[in-house]
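User: I would like to learn how to read the features of a structure like this one, taking them one at a time, with the general idea before the particular case.

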Amino acid sequence: MYRLALNMLFGDRAKLAMLLCGLAFSALLMAQQSSVFFGIMSWTYTPMVNIRAQVWVSDPMVEQVNDAKPLRDTDLGRVRSVDGVAWAAPLHTSFVQARMQDGNFKLITLVGIDADTFAGAPAVLSQGRIEDLRLPDTVIVDEWGAALMGRMSVGPDGKPKNTPLQVGDTFEINDIQARIVGICRVKRAFTGGPFVYTTYDRAKGYTLGARRTLSFMLVEPQKGVAPAELCDRIERDTDLKAWTSDTVIWSWGERSLARNTFWWFWTNTGIPFSFGTAVLLGLFVGIAISGQTFYSFVLENLKYFAAIKAMGAGMGVIARMLFVQAFTAGLIGFGLGAGMAQAIGRVMIEKGMPPFVMYPQILWATFALVLGISFVSAVIGIIKVSRVDAASVFRG
Amino acid sequence: MSHPAHTVAFRATGVDMFFGTPENRVVALKQADFEARRGELIMLVGPSGCGKTTLLSVIAGTLTPQAGTVEVFGQRLDGLGQEALTTFRRRSLGFVFQSFNLIPTLTVVENVMVPLLIQGRPFDEAHARALAILDKVGLKGREEGRPNALSGGQQQRVAIARALVHEPPLLICDEPTSALDKDTGAQIMQMVRDLSRSPERCVVVVTHDHRIFRFADRIAEMEDGRISRVVDDPKLLDTTHL
C-alpha cells in the first residue's frame, strides 16, 4: 500500500509542488538563519582562531576573549615558572583608532605579539614576511582591513574606486606612524575592525597612557602535559585564569575561552533571540503551509480513504500511508531547502558576508524539525480520516 | 421465506437501526428481514430514505445495528468488534460504488490492486492478478492510463474489476448504473449478472434504475425501514414511486 500511497502523493503534482515549497522554504529559512547565526557567533571568538596558542592566561575576572583585563608584566614571569610550561609569551589586544592618510579614522584591533618568538602571529601572510615586524614602526594588516582602510579615489569611469592598502603604505595610530610590511589572511572579527599586528613592545607605544598592556599570555605546555592539566596548575600556582584554545563550541566545559565567549554573547546579547525568532518563524511557516496543504490533500482524497476503509483497510494501514506520504514530502522538502541553504551559503562564503557556518548539527536539527512538521501534518490528516465513517461511501 | 442454511449467502433478521439522540431519533431500519441465496443477483429497491443504503451498510459491516442479527456466508457480524469487521470486509466483500471512487492519481491497474494490497499480498502478485481481471472485463491495453481518461462505462468496469480482484463471495453494488447511459448500464449489468452465477458468490444491487430490473433474479422492495415484499418478476413491481 505504501507504494500506492506514494503514487497518490506524486500523482497530484500541483499539491505536491505546494507541499514541497512549504517544506523547502521552511527548511531553507531554518538552516540558513541558523548558519548565519552561528557564523556571526563564530566571529565572537575570532581572536582564538587567529592567534594560535594551546593555553591562554588572563585576569581571573575575564569572561570572554574580547574583554581583556590588563595584567601586570610580572605575571608573565610567574606563569613561566609554573611546572609544565614550555614557554609563555605576552599578548596585547586592544581597540584603537587608526588615522588614514586621507584623514579618515578607522577602529582597529591592535594585536601586539612577542617579537622574539612571534607567538600568536598570523598563520598565512599573502604579502611580506613576519620577520619584518622587527623593523621600526611596522605593522601587518589583514586583507579585509587593507581593503577597508584603502584609499578612495575616482576611477576612470567616474565611479568611486577603492585601492586597498599595500605593503609600504602608512597610517597612524595615536599619532605614531605605522608602516605596513605584510598583509595577512585571518578570520574577521565580530567587532568589524581589522586586525593590525605589531610587536608587543611597539603596541605599548601605540597605546600611550595605558598603565598595563599585557592582555593575555600565550602558553605552550611541555611535551606530555595536557593543556587542561596545565591550566589547572597555572590557576593553582598563580591565581590567574587559564584557558584552553579549543574552539568546538558544542561540547561542555569550563576551560575553553572560545566556548565561554560564545555563551557570553548568547546570554548577554539579543542575537540568539533575533535569529531564534527567524528560525521559529520558519518552523511556523512550515507547519502552516505544509499542514494546510497536506490537510487539503487529505480532504481531496477523503472519499477515497473512506472507500479504502470500506474495502477493509484498518486505520493503522491508512495512518501508515499518510505518514509515508508526509515523511516522503518532508524528506524531499528538507533536501531542497538544505540544498538551497548550502548554495546560498557558498555565495556568502565567497563574498565573506554575512558569515555562514553550517554545522552538521544544524542540518540534523533542521531535518528533525522538518520531520516534525511532516509528523504534525500527517497527524492532522489521520485525525480527519479517522473521523470518516466507512459507511459514507454509500451516500453518493 | 427462509432458505436452507447451506444455500443462504446472507441473512439479516429483525434489524433495527436508528440515528440521532433518544429525543430526536430517526428510525432507518425497523425489524428489517432480508435474505439472499448463493449464486443469486438480488436487487434492493425503494424510494429515497426508505433505508436501502442503511441496510446495505449493515450487511457490509460498515454500520452495526442496534438490534437483530446479520450473517454473511456463515459468519455472524453482530457482536463483532471494529477490527473483526474490518477483516471481514477485507476478505469477504467487494464494492462497486455509485461514483466509482477510483483514485484519480493512480493508474487503472493500481486502482484494481488496492484490495489485494490491503490484504497484504505482494505487489507483483497483486499487479499480475489486476492485469488478468482487467483483461476479463475488457480493459486490456488501458491498464496504465488514469481513470479520468476512461468513459463512464469503462470506469465502472474498472470498479467491478477492483471489487472482484480478491474474489470476494459477496459483491455489493450501490447504484452501479446511475452514472451510465442505458446501453452501457445494460452491458455492466450483464457482466455483474454473469459474475453472480457461482454457488460461492452473491451479488446485491441497490438501485433506483428500473431499466436494469430485468437482470435481477429477485427484487426486494423496501418501505419505511423494512422489506415490504420480494418478487421474482420485475413486472410485479410498481415502479412509479421508485
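Analyst: A:Cys21 counts as exposed because its relative accessibility is 51%, whereas A:Cys184 is buried, with a relative accessible area of 0%. This is a predicted model, in which local features need pLDDT of at least 70 and side-chain atom pairs count only at pLDDT 80 or more, while totals for chains, interfaces and linings use all residues. Residues are numbered from 1 along each chain as its sequence is written, chains are lettered from A and ligands numbered from 1 in the order in which they are written, and side-chain values use heavy atoms, with hydrogens and water left out.

User: How many disulfides does the structure hold over all chains?

Analyst: A disulfide is a covalent bond between the sulfur atoms of two cysteines, and the criterion applied here is a pair of cysteine sulfur atoms within 2.5 Å. Over all chains, the structure holds 0 disulfides.

User: In what order do the 6 strands of the open sheet in chain B lie?

Analyst: Strands of a sheet pair through backbone hydrogen bonds, either parallel or antiparallel. Helices (H or I, at least four residues) and strands (E, at least two) are DSSP runs numbered from the N terminus, and two strands pair if DSSP finds at least two bridges between them. In chain B the order is E6-E7-E8-E3-E9-E10, with mixed pairing. Strands E6 (93-96) and E10 (226-231) of chain B stand at the edges with a single partner strand each, so one side of each is left without a neighbour in the sheet. Neighbouring strands of this sheet are turned by 20° against each other on average, direction ignored. Within the sheet, E7 (residues 170-174) and E8 (residues 202-206) of chain B run parallel and are joined by 5 bridges, with B:Leu170 opposite B:Cys202. Helix H2 (residues 82-92) of chain B packs on the sheet, touching E6 and E7 of chain B, and its direction makes about 75° with that of E6(B); contact means heavy atoms within 4.5 Å, and axes are lines fitted to C-alpha atoms, for helices over the stretch in contact, with angles running from 0 to 180 degrees between N-to-C directions.

User: Against which elements do the buried residues of H6(B) pack?

Analyst: An α-helix has 3.6 residues a turn, so residues three or four places apart point the same way. Helix H6 (residues 182-196) of chain B has 15 residues and reaches 21 Å from its first C-alpha to its last, close to the 21 Å expected at 1.5 Å a residue, the expected span being 1.5 Å times one less than the number of residues. Its buried residues include B:Thr184, B:Ile188, B:Met191 and B:Val192. The buried residues of H6(B) pack against strand E3 (40-45), helix H5 (152-164), E7 and E8 of chain B.

User: Which strands of chain A pair with E9(A)?

Analyst: Strand E4 (residues 124-128) of chain A runs antiparallel to E9 (residues 176-185) of chain A and is joined to it by 4 bridges, with A:Gly128 opposite A:Gly182. Strand E5 (residues 138-142) of chain A runs parallel to E9(A) over 5 bridges, and there the bridge partner of A:Thr138 is A:Arg179. Strand E8 (residues 170-173) of chain A pairs with E9(A) in the antiparallel sense over 4 bridges. In the hairpin of E8(A) and E9(A), with 2 residues between the strands, A:Asn174 takes a positive phi near 50°.

User: About how much area do chain B and chain A bury between them?

Analyst: The size of an interface is often given as the accessible area lost when the parts come together; here that loss is computed with a 1.4 Å probe and summed over both parts. Chain B and chain A bury about 2,400 Å² between them, 69% of it on carbon and sulfur atoms. B:Asn101, B:Thr105 and B:Ile118 supply 21% of the area that chain B buries against chain A, more than any other three residues. The contacts involve 29 residues of chain B and 23 residues of chain A. B:Arg146, in the loop between helix H4 (123-136) and H5 of chain B, touches A:Gly11 as well as residues of chain B, among them B:Thr105.

Definitions and conventions:
Buried < 20%, exposed > 50% of the residue type's maximum accessible area, 1.4 Å probe, protein only. Buried area = accessible area lost by both parts, 1.4 Å probe.
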